[in-house]
Amino acid sequence: MKYNERIRELREDHHLTQQKIADLLNIGQRTYSDYESGKTRIPIDSILVLARYYNVSLDYITGASNQKNEYPLK
């Protein structure tokens, strides 16, 4: 699964709107929509914010793994 599909799946599983996640990332809803559609690549710092927010590993959120491990603690 590609990361853009994964971030959409996570958002929908948590019953959140694109606007809610855009606010979390301090970006516009349209920009976030472009991330989910694959039109624009999501910056790594935003991927980190989403991984922490959803409590999933970077491997999972980027699609490198289908195993839903928790975000690692420091």
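Student: Why is Tyr-32 called buried?

Tutor: Its relative accessible area is 0%, and buried means under 20% relative accessible area, exposed over 50% and partly exposed in between, with a 1.4 Å probe and protein chains only; Tyr-32 is therefore buried. Bear in mind that this is a predicted model, where local features need pLDDT of at least 70, side-chain atom pairs count only at pLDDT 80 or more, and totals for chains, interfaces and linings use all residues. Residues are numbered from 1 along each chain as its sequence is written, and side-chain values use heavy atoms, leaving out hydrogens and water.

Student: What makes the pair of Tyr-32 and Tyr-35 edge-to-face?

Tutor: Good one! The ring centres are 6.2 Å apart and the planes stand at 75°. Rings of Phe, Tyr and Trp (its six-membered ring) pair if their centres lie within 6.5 Å, with planes under 30 degrees apart counted as stacked, over 60 as edge-to-face and the rest as tilted. So the pair is edge-to-face.

Student: Which other residues form an aromatic pair that is edge-to-face?

Tutor: Tyr-53 and Tyr-54, at 5.3 Å centre to centre and 75° between the planes. Tyr-53 is partly exposed at 37% relative accessible area, whereas Tyr-54 is buried at 6%.

Student: How do you know that Arg-6 lies over the face of Tyr-60?

Tutor: Arg-6 is at 3.9 Å from the ring centre. A charge sits over a ring if NZ of Lys or CZ of Arg is within 6 Å of the ring centre and within 35 degrees of the ring normal.

Student: And what makes Asp-34 count as buried?

Tutor: Asp-34 has 16% relative accessibility, and therefore counts as buried.
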